[in-house]
Amino acid sequence: MAFVLENRQKMTLLFLILASFMQLCFGAVYKVGDSAGWTTIGNVDYKQWAANKTFLVGDVIVFQYNPQFHNVMQVTHVEYQSCSASAPIETHTTGKDSITITAHGHHFFLCGVPGHCQAGQKVDINVLRTASSSVSPAQSPSSSSSPIPAVAVPAPSPSHASSWIPSKIGVVMAVSLVLLVNFS
């Protein structure tokens, strides 16, 4: 017995399958400091934390912290180096701040509470230029204030979610094509 679908059913099925694959095409989500979060407790080495990641445009950086004791300020390279939060680019205070990376280059963040940055609560998110990056360096707030050369970072491991983006899109397209051919 053959399984026959009407055009409306075909389109609904195709839409549901494509919608389920869409989540694969978005960037990775990183919680700053992993399980420790954004804190001065526990001697979290945010420089080491960031060095072990390969950030790409579209990734989401999540700062999770107690807003009674911390905040997140995006600053220029000069402010980052001097732990100054006198003129931040952006200030976040919710305790669960999600920041989507929209440009390649360095993005500098620190806690503006006195003494916290000096205690190591700061992070440099270095977003590599990739073939899929369409944003110019002049559009990046951190690069327009104090450009610094990109740091050589090892290639992403196969388990890095956002490094799969081109192949995920290919999978979605292949599945869509197979469905259209088989159900036409």
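**Sheets, cores and a disulfide in a predicted chain**

Strand β1 runs parallel to strand β2 (residues 60-64), and three bridges join the two. Strands here are DSSP runs of E with at least two residues, helices are runs of H or I with at least four residues, and both are numbered from the N terminus. Two strands count as paired if DSSP finds at least two bridges between them. The model is predicted: local features require pLDDT of at least 70, side-chain atom pairs count only at pLDDT 80 or more, and totals for chains, interfaces and linings use all residues. Residues are numbered from 1 along each chain as its sequence is written, and side-chain values use heavy atoms, with hydrogens and water left out.

pLDDT, the predictor's confidence in each residue from 0 to 100, has a mean of 76 over the protein chain. A value of 70 or more is reached by 60% of the residues. Among the elements, strand β3 (residues 72-75) has the highest mean pLDDT, 98. Helix α4 (residues 141-145) has the lowest, 40. Over residues 132-168, pLDDT stays under 50. For that stretch the model has 58 contacts beyond four places in sequence, a contact being heavy atoms within 4.5 Å.

The protein chain has five helices and seven strands. From the N terminus on, the order is α-β-α-β-β-α-β-β-β-β-α-α. Of the 184 residues, 37% count as buried. Buried means under 20% relative accessible area, exposed means over 50%, and partly exposed lies in between (1.4 Å probe, protein chains only). Among contacts with a separation of 6 or more, 73% come from residues 24 or more positions apart.

The strands β1, β2 and β5 form an open sheet in the order β1-β2-β5, with mixed pairing. Its edge strands are β1 (29-31) and β5 (96-100), each of which pairs on one side only. Neighbouring strands of this sheet are turned by 20 degrees against each other on average, direction ignored. Axes are lines fitted to C-alpha atoms, for helices over the stretch in contact, and angles run from 0 to 180 degrees between N-to-C directions. V29 stands opposite V60 in β2.

A further open sheet has four strands in the order β4-β3-β6-β7, with antiparallel pairing. β4 and β7 stand at the edges with a single partner strand each, so one side of each is left without a neighbour in the sheet. The twist averages 25 degrees from one strand to the next. Strands β3 and β6 run antiparallel and are joined by three bridges. Within β6, L110 is the bridge partner of M73, and F108 stands opposite V75. Six bridges join β6 to β7, again antiparallel. H106 stands opposite N126 in β7. β6 is mostly covered: six of its six residues are buried.

The nonpolar interior was examined next. A nonpolar core is a set of buried Ala, Val, Leu, Ile, Met, Phe, Trp, Tyr and Cys residues joined through side-chain atoms within 4.5 Å. The largest holds 19 residues, of which W38, F63, V123 and I125 touch the most other members. Helix α2 (46-51) and strands β2 and β7 each supply at least two residues of this core. Not counting residues up to four places away in sequence, I125 touches W49, F55, I61, I101, G105, H106, H107 and F109.

The structure holds one disulfide, defined as a pair of cysteine sulfur atoms within 2.5 Å. It is formed by C83 and C117, whose sulfur atoms are 2.1 Å apart. The link of C83 and C117 is left-handed, with -70 degrees about the S-S bond. C83 lies in the loop between α3 (77-82) and β4 (90-92), and C117 in the loop between β6 (105-110) and β7 (122-127), so the pair ties together parts that are 34 residues apart in sequence. Both C83 and C117 are buried. C111 is in no disulfide, and the nearest cysteine sulfur, that of C117, is 8.4 Å away. C111 also counts as buried, at 1% relative accessibility.
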